[in-house]
Amino acid sequence: MSSTFSSTELTVTAPATLPAPRALPSATTVFTSLLKADLTTQWRNRRASIMVILLPVVIVLSWKALIGKVGGAFILSNAVTLGLNAIGLMGYTNSIARDREKEIFQRLRVAPAPNWTIMGSRLTVQLVMIVLMTAIVMIVGYQYDHIVLSVTGYIAGLLMAIAGGAVYLALGQAIVGRISNPETVNATSRLIYIAFIMVGMFGELGMLGDFIDNTVKYTPYGTVKSIVSGAMTPSTWTSQTTLALLITLGYTIVFAFLGIRWFKWSTRG
Amino acid sequence: MNKSHDQPVLRVENLDIYYGKFHAVQRVSFEVQPGEIFGLLGPNGAGKTSTLSAAEGLIKPSAGSVRVAGYDIRRQPIYARACMGVQLQATSFQPELTVGEIITLYAGLYGVILTRDRLAAILKDIKLEEQVGKRFGQLSGGQQQRISLVIATIHDPQLVLMDEPTTGLDPQSRRQLWERMEAMRDKGHGILLTTHSMEEAEAVCDRIAIIDHGKIITIDTPQAIVDNNRERPEVIRASRKGRITLEDVFIGLTGADVRA
């Protein structure tokens with residue numbers, strides 16, 4: 001319908017041929033494309049990633065003197081839990097809030113990309129970060145603090161770190177679902193992050209009294225730390241650790257449910 | 001997936017959109033044919049973006065239907081989206097990615113195999129071959145729009161949706177974009193364009209719809225809209241240069257008050 005106008009007449013000067021529709025891309029192709037882009041983005045933001053890994057490493061190195069008193073698994077599990085906090089509450093949450101504000105998700109959603117591929121790719125990048133951070137903490141612990149775990153301990157510790165990471169990712173999802181402004185998301189996630197560190201880490205060391213010490217065990221920090229620690233030394237896994245695992249799964253389900261229910265792809269309209 | 005021949009590339013029927021109690025779009029219906037540039041004009045808050053968002057499948061209408069190349073956007077969203085290309089108002093691409101990476105990403109999402117040579121040819125065509133390694137955020141507004149248009153059409157879609165594509169562009173970039181739109185139309189693509197620019201609507205649109213308060217006031221060719229409304233007193237009052245223009249008709253029909 002390439003046309004010229006004369007008064008109210010629309011004169012068709014060339015017959016239009018509708019381009020043939022293209023075959024749909026496979027979900028694998030879509031997911032791979034998204035994942036490649038998300039990994040590249042993560043790599044370009046590597047300074048932030050380094051900071052996420054640096055703090056747990058500093059914990060491992062600076063707590064070396066405590067190994068004899070509290071045990072190597074205690075130190076490694078605290079460091080890993082701290083790193084998981086940072087990945088879920090700082091890295092993931094803020095990147096989702098920023099990209100939503102910039103309408104990056106809406107641009108992706110008008111392509112034939114199912115919603116699960118968009119979010120699945122983001123979560124896969126965080127999974128990579130969790131594995132990387134946990135592995136680095138374990139390597140640094142072995143190399144500099146001479147903390148040696150069994151092969152089962154390393155593998156189970158890594159698996160529990162992934163399970164624990166899911167709590168913080170789900171919590172981050174709930175925060176970014178509830179709050180639309182990226183600055184408020186950033187402030188809120190920082191606040192929760194600091195609260196978890198202060199109450200969780202210092203509470204567990206008995207610095208904040210018995211009540212806090214007992215309560216912390218049932219917080220997302222305490223349960224995650226407990227299952228990671230228990231998995232690193234399987235012989236110390238007790239019914240209390242199993243309870244912590246169940247509570248961890250419960251937290252994940254509740255936060256994920258709220259995060260999915262509240263989440264909006266756009267802050268506009 | 002072979003539904004789209006011999007039918008409109010976009011059919012919007014009796015579309016109703018509510019935001020809470022606010023009735024933003026009221027029984028809007030129109031069609032975009034293959035090889036047609038269709039303009040949607042209206043003041044701020046008239047319902048243009050809501051209509052476009054419903055066509056993109058980003059918002060769920062309260063009633064009515066949207067079909068892209070025969071596919072229902074609600075029931076078959078992936079198929080419908082595979083048949084359309086979208087140029088959004090915002091520069092909504094990951095700022096960390098380079099031009100080449102962004103084009104490769106979207107080629108993958110549409111299932112287009114993009115070789116290095118093909119990418120170079122695309123960038124050469126829009127005179128951005130030197131910018132392949134540059135991050136999207138470092139490009140000028142005109143360059144970003146060219147990339148955005150390339151991505152919207154990389155899969156040769158039947159329908160292209162453009163939300164105020166020339167906003168912020170210099171005259172040269174705007175003219176260049178119009179030429180690209182006309183070239184797409186000549187190839188048989190249907191284009192739905194929202195714009196505030198009457199000059200743009202007159203220059204490139206085959207038909208336009210003027211929408212206000214969520215309702216379509218009129219649909220016709222730009223010339224026919226001028227001719228059919230030139231005698232109306234409110235249009236004559238809006239006239240500024242002694243002859244009736246599309247802008248005069250637009251102001252006459254939608255009112256001179258500035259919208260929030």
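Student: What makes up the lining of the largest cavity, by class?

Tutor: The lining has 2 nonpolar, 4 polar and 2 charged residues. This is a predicted model, where local features need pLDDT of at least 70 and side-chain atom pairs count only at pLDDT 80 or more, while totals for chains, interfaces and linings use all residues. Residues are numbered from 1 along each chain as its sequence is written, chains are lettered from A and ligands numbered from 1 in the order in which they are written, and side-chain values use heavy atoms, with hydrogens and water left out.

Student: Why do the lining residues of the largest cavity fall into those classes?

Tutor: The lining is B:G142, B:Q145, B:R146, B:L169, B:S173, B:Q176, B:L177 and B:R180. Ala, Val, Leu, Ile, Met, Phe, Trp, Tyr, Cys and Pro count as nonpolar, Asp, Glu, Lys and Arg as charged, and the others, Gly among them, as polar. Therefore B:L169 and B:L177 are nonpolar, and B:R146 and B:R180 are charged. α6(B) gives the largest share of this lining, 4 residues.

Student: Why is this called a cavity, and the other a pocket?

Tutor: On a 1 Å grid over the protein atoms alone, a cavity is a set of points where a 1.4 Å probe fits but cannot get out; a pocket is an open set with protein on both sides within 12 Å along at least five of seven lines; lining residues have an atom within 4 Å of a point. The count is 1 cavity of 30 Å³ or more. The largest cavity holds about 40 Å³, and the second largest pocket about 670 Å³.

Student: Which residues lie nearest the centre of the second largest pocket?

Tutor: A:A48, A:V52, A:M90, A:G91 and A:Y92, out of 26 lining residues. The largest share of the lining, 9 residues, comes from α4(A).

Student: What makes A:R44 and B:E101 a salt bridge?

Tutor: The rule asks for a side-chain nitrogen of Lys or Arg within 4 Å of a carboxyl oxygen of Asp or Glu. The N to O distance here is 2.9 Å. That is within the cut-off, so the pair qualifies. The interface of chain B and chain A has 2 salt bridges.

Student: How do you know how much area chain B and chain A bury?

Tutor: Buried area is the accessible area (1.4 Å probe) that two parts lose on being put together, summed over both. Here that is about 4200 Å², 63% of it on carbon and sulfur atoms. B:L58, B:E96 and B:L109 supply 15% of the area that chain B buries against chain A, more than any other three residues.

Student: How many residues of each chain take part in the contact?

Tutor: Chain B gives 54 residues and chain A 41, with contact meaning heavy atoms within 4.5 Å.

Notes
Grid points are joined across faces, edges and corners, and a volume is the space filled by probe spheres set on the points. Helices (H or I, at least four residues) and strands (E, at least two) are DSSP runs, numbered from the N terminus.
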